[in-house]
Amino acid sequence: MIEVLLVDDHLEPMKALARLVGLRTNLTYEVTDSLDRALAVVKSGGVKVAVLDQRLQPTLPMDGTKVFAEIRKIDHRVRGIIISGQSDKADLVELNALGMAYLDRGCSAEELAQEIQNQRIMYLDEAEREYERNARFVGRYVRRRRSIFSSPGQVVELLGIEPDNPSPECLDEDYAIVSDIEAGKTLRHVTTVVAENEVSLEQESIAQLESRLGLSGSVVKEVSARLSDSLRERDNSRQLNRTEQAGEESVSLSEADLAQGVVHRRVEVAPLYYRRQAILRVTCECCNERRVMSINLRQSTGSYSRRMVDTYRDQSVKTYDLGAR
């Protein structure tokens with residue numbers, strides 16, 4: 001999920017700066033010069049910091065502070081940073097009213113990275129305050145030993161899951177072939193698709209838990225299972241952990257297909273899931289230090305996406321969406 005959104009009408013310089021910031025913060029980001037795309041990214045959930053150029057016109061229909069005001073209508077917690085060398089007094093008054101930070105256009109990648117980290121912490125602090133009443137105990141875990149002395153315990157609590165109503169999606173690399181046919185043939189194929197109705201942590205989140213909290217691989221799996229239980233309880237879900245769907249479909253290449261130059265056809269499926277973020281609070285038992293962190297996870301929908309891929313005589317390839325099951 002995207003945590004940092006950068007909006008600028010000069011894409012290439014901002015992309016170069018964003019790459020350097022990404023290396024320093026290890027946060028996922030997206031750079032755009034489109035208002036519609038910027039708002040769509042925020043609606044998808046996960047964005048914590050928006051970095052905007054103030055003078056976006058004529059590429060965008062409004063200034064950076066106005067774009068940020070629209071972003072805040074979607075998620076009031078998103079923090080904002082204006083980067084500009086042309087802001088006037090009225091702009092400064094407006095960005096102060098919105099609680100935005102300001103950096104000069106000539107700022108370094110190090111300065112921007114530090115400000116993004118500061119604003120991200122403020123986002124998580126506000127999320128902690130909002131979710132405090134609904135905090136759920138996940139478990140007590142001990143860091144991996146690095147000495148002969150025992151390590152202090154850490155209490156992990158689930159503060160919240162965002163967004164509440166995400167759209168299902170799938171990754172291109174998750175597609176698997178369920179039927180495959182050459183020109184002039186018809187195939188009836190029985191398929192069995194297995195859907196794992198669990199919450200799984202994304203790879204960067206596993207690395208984050210292992211490095212920042214010092215948890216072993218087996219403990220990270222336990223945390224993932226506890227989060228899955230908590231999410232099902234939160235959503236009042238009683239779905240099975242694992243379901244199988246069997247179906248039969250006919251795949252063929254007709255004379256009309258051949259006339260259009262289709263020489264090969266395959267049908268592929270991929271599991272659909274919700275991408276969400278869990279807001280966790282980790283408390284050290286020895287010093288009572290509290291840290292709030294977010295981790296990316298996938299929640300299976302129990303359904304899958306289908307697509308048809310046709311290869312033509314000239315070796316071109318076209319993909320057709322067949323919907324979800």
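Which helices and strand each supply at least two residues of the lining of the largest pocket? They are H5, helix H6 (203–212) and E13. The points below take the structure part by part.

1. **Basis.** This is a predicted model: local features need pLDDT of at least 70, side-chain atom pairs count only at pLDDT 80 or more, and totals for chains, interfaces and linings use all residues. Residues are numbered from 1 along each chain as its sequence is written, and side-chain values use heavy atoms, with hydrogens and water left out.

2. **Overall make-up.** The protein has eight helices and 14 strands. Helices (H or I, at least four residues) and strands (E, at least two) are DSSP runs, numbered from the N terminus. Of the 325 residues, 48% are buried. Buried means under 20% relative accessible area, exposed over 50%, and partly exposed in between (1.4 Å probe, protein chains only). Take the contacts between residues at least 6 apart in sequence: 72% of them join residues at least 24 apart. Contact means heavy atoms within 4.5 Å.

3. **The five-stranded sheet.** This sheet is open, with the order E2-E1-E3-E4-E5 and parallel pairing. Two strands pair if DSSP finds at least two bridges between them. Strands E2 (29–32) and E5 (101–104) stand at the edges with a single partner strand each, so one side of each has no neighbour in the sheet. From one strand to the next, the twist averages 20°. Axes are lines fitted to C-alpha atoms, for helices over the stretch in contact, and angles run from 0 to 180 degrees between N-to-C directions.

4. **Helices on the sheet.** Helix H1 (residues 11–25) packs on the sheet and touches strand E1 (4–7), E2 and E4. The direction of H1 makes about 170° with that of E2. Helix H5 (residues 109–131) also packs on the sheet, touching E1, E3, E4 and E5. Its direction makes about 160° with that of E4.

5. **Strand E3.** Five bridges join E3 (residues 49–53) to E4 (residues 79–84), and the two run parallel. Asp53 has Ile83 as its bridge partner in E4, and Ala50 has Gly80. Four bridges join E1 to E3, again parallel. Here Leu6 stands opposite Val51 in E3. Is E3 mostly covered or mostly uncovered? It is mostly covered, with five of its five residues buried. Val49, Val51 and Asp53 lie on one side, Ala50 and Leu52 on the other.

6. **The E13–E14 hairpin.** Strand E13 (residues 290–312) runs antiparallel to strand E14 (residues 317–324), and seven bridges join them. The bridge partner of Asp310 in E14 is Lys318. Four residues lie between the strands of this hairpin, where Gln315 takes a positive phi near 75°.

7. **The largest pocket.** About 530 Å³ of space lies in this pocket. The closest to its centre, of the 23 lining residues, are Glu3, Leu27, Arg120, Gln208 and Arg212. A pocket here is an open set of points on a 1 Å grid over the protein atoms alone, where a 1.4 Å probe fits, with protein on both sides within 12 Å along at least five of seven lines; lining residues have an atom within 4 Å of a point. Grid points are joined across faces, edges and corners, and a volume is the space filled by probe spheres set on the points. E13 gives the largest share of the lining, seven residues. By class, the lining has six nonpolar, nine polar and eight charged residues. Ala, Val, Leu, Ile, Met, Phe, Trp, Tyr, Cys and Pro count as nonpolar, Asp, Glu, Lys and Arg as charged, and the others, Gly among them, as polar.

8. **Two asparagines in loops.** Most residues other than glycine have a negative phi. Asn26, in the loop between H1 and E2, has a positive phi of about 60°. Asn26 is exposed, with a relative accessible area of 72%. Asn288 sits in the loop between strand E12 (262–284) and E13. Its phi is near 65°, a positive value. Asn288 counts as exposed, at 53% relative accessibility.

9. **Glu162.** This residue lies in strand E7 (residues 153–162). Glu162 counts as buried, at 9% relative accessibility. Neighbours within four places in sequence aside, Glu162 is in contact with Arg77, Tyr123, Tyr131, Arg276, Gln277 and Ile279.
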